[in-house]
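Me: Hi! Could you walk me through this one while I have it open?

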Amino acid sequence: AGDLPPVVVVVLDALPTASLLDGTGRIDPELYPHLAAFAEDATWYRNHTTTAAATFQAVPALLTGRLPELSAPMPDVAFHPGNLFSLLAGTHEIEAVEQITRLCPADVCPREGGGALRKLLGDAVEWWRGGLLAEHDAGARILPGALEPDRLDEFLAWVEDQDFTPGERPGLWFYHLVMPHDPWVVLDDGTRYAALDEEPYGLAWHDRWDAGTEVARQRHVLQLQAVDRALGVLLDELRAAGTYDDALVAVVGDHGEAFTPGARLRGLGEAQFDQVAWTPLLIKAPGQTEGAVDDANVLNVDLLPTIADLLGIGVPWETYGVPARQVPSVRPPDLKPVLSDAHHDLEPAPDSPYIMLDAAEGFARTMAADPVPGEGEGAVWQRTRFGHLVGRPVAELAVGEPADAELAVRELDRLATGDPPLLELLAPTDLEEGTVVAVEVDGTVAAVAPVTPAAPDDDGDRVVHALLHPDAAGGDGRVAAHVVEGPAGSPTLRPLRVVD
């Protein structure tokens, strides 16, 4: 094939396409300027879907071109010998970071260790395989060491450590960034904050939402904004090295996740299968300078064949996936399979291990998505019609008679203090559902939130659940609260009793 171009692949974890959109089917440029700009250079496959809702199966499907199977559950090279790394090992210098999978052959991506340590690690791998599979089958969260709070810093450090300048052999740079996957503890600028618990409020057994979806999505979007900034750093480094123009650059989500009350976070259900299955795929071909949108029925198993097709090389093993340019002629537009297991509410097709999604309905829902309906720099903080009050000094606002109600704020003495600061507020209340509450910290409105039903295992029937604006941190942490009433343009704040 002659001199092959460099290849850059970034897999983002737990990213629904819906989270990126502005309600018109475009990537929101105010929230995600770097991804929006990349889409101007790349081909965006908007109708791309995963064939598995779990990383264990989804990432191997991306990198092998083969449909996932429950009979090959371990995401390592022993089960998946034909993959992106083995395909390009003879032509490219490979720098790969796999957080969950182990698809890169050991002689291509050597692991540290030797002698007695190597034997010890071998034993650990066997234990990991047995114990991990049993826990995975039981529904446990299986991402050991990959969910640390500094995982974005590690990605940025890896980017800084790479030499992207053209060399004797082209490079393959691969990074699986386990973000915006929860825990959601990173703000849009990359700084950390603390939440009340590792488990998002209202998510029962890390499976199904009982409450808390508004704040969970808000935290998810903020973390995704930080990911966008980090991707901008990578793309800038590629440009500075003179590699970007000639490189094949792909950004893809392994699977999505959903923020629908009463539904599962990642299992497919009728109400939210679009958020779980539709994930972003953007590929800039070598030399491509103009963006394009392709709404063909592309699946995640098409990534590997598409990369090979753009490089002008063949894939020496059988794949279910095909190059994206061939999809319209070889795949029916309604064929959207996702591997079934016990964590889904939808049933598989008869005599099949795959759930067949409603392709037209899912794509239509995705294109209409607008998770942050507000506009402007502070849109993600604008909840309710009084969201514009965030950041306003209370002294500038109309304050009326006190309301005969109270908020029992949990961890009140820690709120907006500490390093990192505690920014999640949860307060059982006797206020009526739908009442709007403004939370004040050190004299400034730090959040506006409605009264919502509490999670079933909570004290009381109703709560105020909010994320405080980070500007609230760094002071004395004096918390007050007000019922907000009246027109959106001239509201009145009525003080509430705040207790611990």
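Reply: Happy to. One term before we start, since bridge partners will come up: two strands pair if DSSP finds at least two bridges between them. Also keep in mind that this is a predicted model.

Me: Good. Which residue in β17 is the bridge partner of Pro428?

Reply: Val463 is the partner of Pro428 there. The strands involved are β14 (residues 424-429) and β17 (residues 462-467), which run antiparallel and are joined by six bridges.

Me: Is β14 mostly covered or mostly open?

Reply: Mostly covered: six of its six residues are buried. On one side of β14 you have Glu424, Leu426 and Pro428, on the other Leu425, Ala427 and Thr429, and all of these are buried.

Me: Let's zoom out. How many helices and strands does the chain have?

Reply: There are 10 helices and 20 strands. The radius of gyration is 24 Å, close to the 23 Å from the globule rule for 500 residues, so the chain is as compact as a globular protein of that length.

Me: And what does the C-alpha trace span along its principal axes?

Reply: About 75 × 55 × 50 Å. Of the 500 residues, 55% count as buried. The chain exposes about 20,600 Å², with carbon and sulfur atoms supplying 50% of that area.

Me: What share of the contacts with a separation of 6 or more comes from residues 24 or more positions apart?

Reply: That share is 73%.

Me: OK, the seven-stranded sheet. What's the strand order?

Reply: The order is β3-β4-β1-β7-β8-β2-β9, in an open sheet with mixed pairing. At the edges sit β3 (93-97) and β9 (292-294), each of which pairs on one side only. Neighbouring strands are turned against each other by 15° on average, direction ignored.

Me: Which helices pack on that sheet?

Reply: Two to look at are α5 and α8. Helix α5 (residues 151-161) touches β3 and β4 (171-180), and its direction makes about 165° with that of β4. Helix α8 (residues 303-311) touches β1 (7-13), β7 (248-253) and β8, and its direction makes about 170° with that of β7.

Me: How do β2 and β8 pair, parallel or antiparallel?

Reply: Antiparallel, over two bridges between residues 43-45 of β2 and residues 281-284 of β8.

Me: Switching topic: where's the disulfide?

Reply: It joins Cys104 to Cys109, with an S to S distance of 1.9 Å. The structure holds one disulfide.

Me: Left- or right-handed?

Reply: Right-handed, because the torsion about the S-S bond of Cys104 and Cys109 is about 65°.

Me: And are the two cysteines buried or exposed?

Reply: Buried means under 20% relative accessible area. Cys104 is at 2%, so Cys104 counts as buried, and Cys109 counts as buried too, at 8%.

Me: What about cis peptides, where should I look?

Reply: Pro180 is in strand β4. Then go to the bond from Asp182 to Pro183, also cis, with omega near 10°. Pro183 lies in the loop between β4 and β5 (203-204).

Me: Which non-glycine residues have a positive phi?

Reply: Thr384 is one of them, with phi of about 65°, and Asp442 is another, with phi near 50°. Thr384 sits in the loop between α10 (359-368) and β12 (398-399), while Asp442 is in the loop between β15 (436-441) and β16 (444-453).

Me: How accessible are those two?

Reply: Both are partly exposed: Thr384 has a relative accessible area of 31%, and Asp442 is at 22%.

Me: Last one: what does Thr91 contact, beyond its neighbours within four places in sequence?

Reply: Thr91 is in contact with Leu4, Arg169 and Pro170. Thr91 lies in the loop between α3 (84-88) and β3 and is partly exposed, with a relative accessible area of 31%. Have a look at Gly171 as well: Thr91 and Gly171 are 80 residues apart in sequence, yet 8.6 Å apart in space, C-alpha to C-alpha.

Terms used
Residues are numbered from 1 along each chain as its sequence is written. This is a predicted model: local features need pLDDT of at least 70, side-chain atom pairs count only at pLDDT 80 or more; totals for chains, interfaces and linings use all residues. Side-chain values use heavy atoms; hydrogens and water are left out. A disulfide is a pair of cysteine sulfur atoms within 2.5 Å. Buried means under 20% relative accessible area, exposed over 50%, partly exposed in between (1.4 Å probe, protein chains only). Helices (H or I, at least four residues) and strands (E, at least two) are DSSP runs, numbered from the N terminus. Axes are lines fitted to C-alpha atoms, for helices over the stretch in contact, and angles run from 0 to 180 degrees between N-to-C directions. Contact means heavy atoms within 4.5 Å. The radius of gyration is taken over C-alpha atoms; the globule rule is 2.2 Å times the number of residues to the power 0.38. Accessible areas come from the Shrake-Rupley method with a 1.4 Å probe; for residues, only the protein chains shown count as cover.
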